[in-house]
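User: I am new to this structure and would like to learn how to read its features. Please take me through them one at a time.

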Amino acid sequence: MTNWLCLLIYAPFLLITTILLFSKLTGNQSSFGKNNTFFYVALFGAQALEVLYYMVPSHKGVEHIFGVSIAFIALIPVSFSFAISGFYRLDRLTPAWLSKALFIIPVITAVLAITSPLHSLLITDFTFITDVPLLQPKVHYAPWFMVFIIYSQIVMIAVALTVLSPFSKLPSSYRRGS
């Protein structure tokens, strides 16, 4: 696998996200909810930086792009949870302080990711295993990254429970299937 093959794999995902983001920003409302603009921006940023990651020949540039892409990735789980809560119209039930508190760990992670060349609080070591045919980094993460991973998993489990909870209220004849 080469860098160009990776670009061909990521291009359709980036195109789909671009179309969704463009349709959202031009005012076309989708059925996915009204709180999904931030999710689309975070997803677009992560995918665009992933494409850029394979295009940059400089090792230092790749390291910086990797850190910034982690910043976008850090915001995806919480913004996805807001998109889902908007779809199920649960955003009115969520207190404002909770909405703000959910962003504490992702914002700290994003700041640490952007400034990662200056410290070792998120990434302790960033080296390259191979350059040709595919640029493969070897990354050693600091303990804060594990805090973020556990937090993201908790948020995604909460989203899954939010999606599955309406099905438990259905009569058993609907839950059985065909």
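User: How are the directions of α3 and α6 related to each other?

Analyst: Axes are lines fitted to C-alpha atoms, for helices over the stretch in contact, and angles run from 0 to 180 degrees between N-to-C directions. Angles under 35 degrees count as roughly parallel, over 145 as roughly antiparallel, 65 to 115 as roughly perpendicular and the rest as oblique. In this predicted model, the axes of α3 and α6 come within 9 Å and cross at roughly 20°; the two helices are therefore roughly parallel to each other. The contact (heavy atoms within 4.5 Å) involves, among others, Ile70, Ile73, Ala74 and Pro77 of α3, together with residues of α6 including Phe145, Phe148, Tyr151 and Ser152.

User: What is the handedness of the crossing of α3 and α6?

Analyst: A crossing is left-handed if the near helix is turned anticlockwise from the far one by less than a right angle, and right-handed if clockwise. Here, α3 passes α6 in a left-handed crossing.

User: Where is confidence lowest, and where is it highest?

Analyst: pLDDT is the predictor's confidence in each residue, from 0 to 100. The protein chain averages 82, and 88% of the residues score at least 70. Confidence is lowest in helix α7 (residues 172-175), with a mean of 64, and highest in α5, at 93.

User: How many helices and strands does the protein chain have?

Analyst: Helices (H or I, at least four residues) and strands (E, at least two) are DSSP runs, numbered from the N terminus. The protein chain holds seven helices and two strands, in the order α-α-α-α-α-β-β-α-α from the N terminus on.

User: Which residues of α5 are buried?

Analyst: Buried means under 20% relative accessible area, exposed over 50%, and partly exposed in between (1.4 Å probe, protein chains only). In α5 (residues 104-114), the buried residues are Pro106, Thr109, Ala110, Leu112 and Ala113. They lie on the same side of α5, because they cover an arc of only 165° around the axis, the arc being that of the directions from the helix axis to the C-beta atoms. As a general idea, an α-helix has 3.6 residues a turn, so residues three or four places apart point the same way. Among what covers the buried residues of α5 are α3 (59-87) and α6 (143-168).

User: How do α3 and α5 pack?

Analyst: Their axes are 7 Å apart, at an angle of about 175°, and α3 and α5 are therefore roughly antiparallel to each other. Residues making this contact include His64, Gly67 and Ala74 of α3 and Pro106, Thr109 and Ala113 of α5.

User: At what angle do the axes of α5 and α6 cross?

Analyst: The axes of α5 and α6 cross at roughly 145° and come within 10 Å. This crossing is left-handed. Among the residues in contact are Ile105 and Thr109 of α5 and Trp144 and Phe148 of α6.

User: What does threonine 109 touch?

Analyst: Not counting residues up to four places away in sequence, threonine 109 touches Ala74, Leu122, Trp144 and Phe148. Threonine 109 counts as buried because its relative accessibility is 0%.

How values were computed:
Residues are numbered from 1 along each chain as its sequence is written. This is a predicted model: local features need pLDDT of at least 70, side-chain atom pairs count only at pLDDT 80 or more; totals for chains, interfaces and linings use all residues. Side-chain values use heavy atoms; hydrogens and water are left out.
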